[in-house]
Amino acid sequence: MGKIAFLGIFTFIFLLLFIFLDVPFLLRLSFMVNFAALWVITYYNIFIERKFSPFLGTFVVFNLLFFIVAPLVQISYIVSKGYNGSGKYIQNLPFSEYFAIRGNLYILLFNVVFFLSYLYFKKKNFRIKSHSKISYTNTPLVLMVLSVISLLIIVGNFSTIIFQYQNDFYKEVEQTSISNYLIVQKFLFFIPLSGLFLAHFYLKNKEKLTRNSFVVFLFLLVFIVFVFALKNPLTEKRNALGPIYITLIYLFFRKVLDTNYKVVRFMFFSMILLFPLMSVVTHSQHSLKEMISKPNILTENMKMLDVTDAFNSLHYDAYPCFLATIDYCDKNGLTYGEQLKPVFLFFVPRNFWHGKPEVTGFKIGNYLIESYGFNFNNLSNPYISEGYINFGLFGIVLFAMILALIFVWLIRWLESDDSLKSIFAFYFAIYMIYFLRGDLANVYMLIVSTLFAVVYFPKVLFVIINHYVRK
């Protein structure tokens, strides 16, 4: 499908949404203005931008799905049910046309500032500094150590792995501490992924086949098995599953995702079609053991699957959570940086820091419980909310500029000679969907854990092994 055809289909789909969904006129117009801004960013990314920047594509797809499609469906549902403006979103926040228009204006401000900042920072950083390339001299030794460590991780956490296969995700979280869950699931279980990356890079950069090439190929197969055992579609949730497997597609079949247009097209259709279908498995309340013993469970889940129902679920609550954050700040004031403490000091346990602030998702969840009788407080909260709850409109502008700077910095990583940094940058580009969905404390904690597991842990091994081999 050509670029022009895709952009035409892309535009036509959203025109249909604007025409046929039952949304008040002025509110509909505000959504159309936001779509026009995203259309301009999409056009720039596909037709004008010369550098490979998958970050901009995922940014656009996130905004389209969570700040246009999902809220349009949600508001249309509220209005069509006869609430006439007095209905509620999924988390009990009352619907208000004025409040939604206000939220859309804030989103427009964020997107415009972000895009202008992105263009400015890219211009300032057009020269990519070279990075030291990893020495592949001792890669087979590093891979051997990584494979032993990975095997020990699997053996040491075998009961946890079996528990994952026999029970649903939520029981696992309930029966372990957050710190233990983070260390095991988001650091240790990601270490085999670094081995897979290193083995692939070694074979790709090897001009001649040697005995080491054969050994590294065997390691590659072993790490593929390890990764699938620890991070597979039947036991992992989408916030890790999607970025991992899309990154593997990029790693092994680079031509599928090697241009901005291909990334936008892939992310657009996969987020609309593939992920809702995968939720039949990844968000089932049944365990893998139950699904294998009773295959009809999958059939029943398929029958119950409805796209509009999906958009009316908490999986797509970013927009009403942002509105709830605005509502909270109107009544309680801004936090002036208080909500950044649990983000950057996530590693400090609450047992030692009794006054540690709640992460924003919990804070707004508890507010919805107290103010509107909601029954759940473990909510996500989008990146834009973090800016607003901390510093108001100034926070929206500041966080938009920071995000643009992060994107430009990661483009440098993506183009660098450091293979691990380069592949992590692509992983983060896909993970950006979940990073923007929030909340910031949790996604920051997860991405830092992944960064240390995939990039810095193997680098430490290289330093140690290279030191002793030289001796």
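Tutor: The protein has 21 helices and 0 strands; helices (H or I, at least four residues) and strands (E, at least two) are DSSP runs, numbered from the N terminus. This is a predicted model, where local features need pLDDT of at least 70, side-chain atom pairs count only at pLDDT 80 or more, and totals for chains, interfaces and linings use all residues. Residues are numbered from 1 along each chain as its sequence is written, and side-chain values use heavy atoms, with hydrogens and water left out.

Student: Why is Thr42 called buried?

Tutor: Buried means under 20% relative accessible area, exposed over 50%, and partly exposed in between (1.4 Å probe, protein chains only). Thr42 has a relative accessible area of 1%, so it is buried. You'll find Thr42 in helix H2 (residues 25-48).

Student: What is Thr42 in contact with, leaving aside its neighbours within four places in sequence?

Tutor: Leu7, Phe10, Val60 and Val264. Contact means heavy atoms within 4.5 Å. As for the whole protein, 55% of its 471 residues count as buried.

Student: And why is Tyr336 called exposed?

Tutor: Tyr336 comes out at 62% relative accessibility, so it counts as exposed. Tyr336 sits in the loop between helix H16 (318-332) and helix H17 (341-344). Tyr336 also has a positive phi of about 50°, although it is not a glycine.

Student: What makes Glu49 and Lys122 a salt bridge?

Tutor: A salt bridge is a side-chain nitrogen of Lys or Arg within 4 Å of a carboxyl oxygen of Asp or Glu. For Glu49 and Lys122, the closest N and O atoms are 2.7 Å apart, and the pair forms a salt bridge. Glu49 lies in the loop between H2 and H3 and Lys122 in helix H4, so the pair ties together parts that are 73 residues apart in sequence. Both Glu49 and Lys122 are buried.

Student: How many salt bridges does the structure hold?

Tutor: It holds 8. One of them joins Lys262 and Asp258, with the closest N and O atoms 3.0 Å apart. Lys262 is at 22% relative accessibility, so it counts as partly exposed. Asp258 has a relative accessible area of 31%, so it is partly exposed.

Student: How do you know that H19 has a kink?

Tutor: The bend at a residue is the angle between axes fitted to the seven residues ending there and the seven starting there. In H19 the kink is about 140°, centred on Phe391. Now look at the ends: helix H19 (residues 383-414) spans only 23 Å between its end C-alpha atoms, whereas a straight helix of 32 residues would span 46 Å at 1.5 Å a residue. That expected span is 1.5 Å times one less than the number of residues.

Student: What makes the nonpolar surface patch?

Tutor: It's made by Phe214, Val215, Phe217, Leu218, Leu221, Ile224, Phe252, Phe253 and Val256, and covers about 780 Å². Patches are made of residues with over 30% relative accessible area and no salt bridge: like charges are joined within 9 Å, nonpolar side chains (Val, Leu, Ile, Met, Phe, Trp, Tyr) within 5 Å. Areas come from the Shrake-Rupley method with a 1.4 Å probe; for residues, only the protein chains shown count as cover. Take Val215: at 32% relative accessibility, it counts as partly exposed. Val215 lies in helix H10, and H10 (residues 211-230) gives the patch its largest share, 6 residues.
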